[in-house]
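Dear colleague,

Please find the structure below, handed over as promised. After it come my notes on what turned up in the coordinates, arranged by region.

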Amino acid sequence: MKKGYSLLISGLVSTSILSLAGCSTSSNGTSPTTSSKGSSDSAPTASNPLKLTWFSDVPEYNWTWNTKKNLVQKTITDQTGLTFTMNTPPEQADTKLNLMMATGKLPDIISTQQPSIVTQLAKSGKVWNLEDLFKQYDPSFLKQFPSGIVTELNNEFGGFYSMPSFATSADEFKQYPQTQSALLYQSGWAFIVNQQLMQKAGIKLSQLKTEDDVIAALKKVKSMNMKVNGAPVIPLQIDDKDDWWYVTLQNLAQMFGGMPVTKQGDYRSIDESPEMEHAIDFLFKLAQAGVIDQSEFTLDTSSVTSAVQSGRVFALLGNAANPNWASMYTADHNVMWVSPGSIDSDQGTTPVFPYTHSAGWTQTMVSKNAPNPEAIAKWLAYMWSPKTQILVQYGLQGTDWHWSKNGTIVQNPQVVKKLNNSKLNYAATLGIDQMWYFDNPVYMQSVAAPPKAPQSWENKMESAAALTKPVYRYDADALSMPATLIAPGSTLYNDQQQITTYWQAQVPKMIFASSEAQEKQIWQQTIQQMDKMGQTKIDSVDNTEFHKLEKVFGYTLKGVNP
C-alpha cells in the first residue's frame, strides 16, 4: 500500500548501510557501458518477452508477475514486452542486495526505500544515470519529465539515477494547482483510532485532544480487557522495528512542536530538541501504565499491519498508510478509522507540520548490466505516462472506468460492485492498488473524483494533523539535505551511523526506565554521549548546508517554540 506523500526531513539518518565491496568506485560522470545484449537486441514483444529480475526492499509489494491472472501486469507486458521475476525479501533486504553486489549479480531493476542505497549505487557506477539512458534511447521522454523532480533528485542523490514514486515539485503544482493543498498537507505519519473500538469503549474523538486525554483513554481501554475474535485489544500500536524511532517518535515530537531548527534559526537535530525529550516522556508514561510494552519494538511491518487489520488495535501512532484500508473495508463496511489530529502537548507548545516538494519515496534504478537498455527506457517512460498511471490504479478505460464531464475518473458501477465483494478479490484480478513504484501523485490527484470510503476517511486521517488548529505548517525544502552531504565511508559518516545505532538502543531504555528519575538520567547521558560521538559536528555541517538551501529556495526558517 502506498505511503504518505511527505518526505522524511533532514536530521534523520539512514537505517541501513549498503556496503559496496567488490563494486566499481567510478565517479558520477562515468560513461554508461552498453551491456553484452545491449540495444542491438530485437524489440521484445508480448509473445517474445524480455524477462528481467526486479529486486525490491518494500515488503508491502510482495507480489509475483502474472500476466494470466493480473490484468494490469498483462497490459504492461503487452505494451512493453517486459516481464519480471520479482525478489522481495520480507526482511534484511539490504543485506541480501549487498551480497548480490559482492558476487557480481546485481538485479536488472532495483527498487529501494533507503536514500543511502541510492547514493551508494549511483557512486558505484553500476547503475544508469537515467538522464544518459533517456538521452540515448528516449530523448522525447526526458523533455516531458518534470524538471523540478529532476532538480529534487539531483539535490538528494547527486544526479537523476532513479525513477521516483510520490515525488512532487513546484512545476507540477503550477501545472495542477488544484492538487497543492491536498498533497502538501497529507502525511502517513499520524495518530489514528479504530472507531468501532472507540465506540465500544465509550470514548469520543473530542476526548483525544491532549496528551492527558490520550493517556487516560488508553488506560481505560487497557482496563476494559476488550477482545476481538478472542484476542486482547492492543491499546496503542507503534510503528515497526525499523521505523518506530522516526515514524512514531519524530511524529510525536512534531505534534509537541519539535523542529530541526532552533528559534534563532540554526539547524539542530530534532532528536536533541526539548520536544523530543517530551515525546519520550509521553511514551514513558504509557509504558508505566502498561499501555505499551517492549515487544512492540520488535515487530516487522507485516506484523504491525496484520495487527491493525485484525481489528484489535485501538489506536496506531505510526504510518497510517501501511494498512490496506481498501481490503479491510471490502471485508467489513463497518470498519472506519479516524484521527483527532495532533496530540496537544501539556506544555502549551504549538504543533508543527513540515511539508516538502520531494524526491519521493521508493526509488527505482536500472543496472548497467541489464539487457536491452532501450526496452527498459521505453518501459520506464510508459510507466510514468498518464495512461499507465491511471491503469495501475483504475484498470482499463471503458471496461473499468470512464471520464466524467468534469474531467475526473469514474469507476464503472459493475466494477465497483465486484470490488466491494470480498469473495471475488477483484482488485487482485485487475491488479489495481498494487504497483506504486512510479506513482505520480500530483497528476493522479488532478484527475481523481472526490473519494469515497475508505479513501475519504484515509485522506482525512492523513491530513488531520496539518489541519489541526493551531498548527504551524512550514516549507521544509531547505531541510532536505543531499544524501551525499556527509560522504559515505568518511569518519563523520561512520560517526553518524554509530550515533543512529546508539540512539535507537537508548530510547527504549528511557521509555521503559524503572522511574522518572532514571529516565531523565538516561536522557542526559544519551545527549552528552551523542555529542561526544560527533553529533555537534554533524549539526554544524547540516547547519551550513541548511543556510545555503535557505538562499536557494528563497526563504528563512526559524523554530516557533522555545
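F166 is buried, with a relative accessible area of 1%. Please bear in mind throughout that the model is a predicted one. This phenylalanine sits in the loop between β4 (163-164) and α7 (170-175), and its phi is positive, at about 60°, although F166 is not a glycine. A second case is N372, where phi is near 50°, again a positive value in a residue other than glycine. N372 belongs to the loop between β12 (363-366) and α15 (373-384), and because its relative accessibility is 3%, N372 counts as buried.

**The chain as a whole**

The secondary structure of the protein chain comes to 23 helices and 15 strands, and of its 562 residues 57% count as buried. For a chain of 562 residues, a compact globule would have a radius of gyration near 24 Å, and the protein chain agrees with this because its own value is 24 Å. Taken along the principal axes, the C-alpha atoms fill a box of roughly 70 × 60 × 45 Å. Among contacts between residues at least 6 apart in sequence, 81% join residues at least 24 apart.

**The five-stranded sheet**

Five strands form an open sheet with mixed pairing, in the order β2-β1-β3-β12-β4. Its edge strands are β2 (82-87) and β4, each of which pairs on one side only. Within the sheet, strand β3 (residues 109-112) runs antiparallel to β12 and is joined to it by four bridges, and S111 stands opposite T364 in β12.

**Helix α1**

Which residues of helix α1 (residues 71-80) are buried? They are V72, Q73, T75, I76, T77 and T80, and what covers them includes β2, α15, α16 (386-394) and α18 (426-430). An α-helix has 3.6 residues a turn, so residues three or four places apart point the same way. At the start of α1, a side-chain oxygen of N70 reaches to within 3.2 Å of the backbone nitrogen of V72, while just after the helix G81 takes a positive phi of about 75°.

**Aromatic residues**

The count of aromatic pairs comes to 32. One of them is formed by W54 and F438, a tilted pair with 6.3 Å centre to centre and 45° between the planes. This pair links distant parts of the chain, for W54 is in strand β1 (residues 50-56) and F438 is in the loop between α18 and α19, 384 residues apart. Both W54 and F438 are buried.

W65 and F84 form an aromatic pair that is edge-to-face, with 4.9 Å centre to centre and 70° between the planes. Here too distant parts of the chain are linked, with W65 in the loop between β1 and α1 and F84 in strand β2, 19 residues apart. Because its relative accessibility is 13%, under the 20% cut-off, W65 counts as buried, and F84 counts as buried at 4% relative accessibility.

Where do these residues belong in the wider arrangement? W54, Y61, W63, W65, F84, F166, W361, W379, W436, Y437 and F438 form one aromatic cluster.

**Two cis peptide bonds**

A cis peptide bond joins A453 and P454, with omega at about 5°, and P454 lies in the loop between α19 (441-447) and α20 (455-467). The peptide bond from K469 to P470 is also cis, with omega near -5°, and P470 is placed in the loop between α20 and β15 (472-475).

Methods. Residues numbered from 1 in each chain as written. Predicted model: local features only at pLDDT ≥ 70, side-chain atom pairs only at ≥ 80, totals over all residues. Heavy atoms only, no water. Helix = DSSP H or I, 4+ residues; strand = E, 2+ residues; numbered from the N terminus. Buried < 20%, exposed > 50% of the residue type's maximum accessible area, 1.4 Å probe, protein only. Pairing = 2+ DSSP bridges. Contact = heavy atoms within 4.5 Å. Polar contact = N/O pair within 3.5 Å; in protein donor to acceptor, adjacent residues only side chain to side chain. Phe/Tyr/Trp six-rings, centres within 6.5 Å; stacked < 30°, edge-to-face > 60°. Rg over C-alpha atoms; globule rule 2.2 N^0.38 Å.
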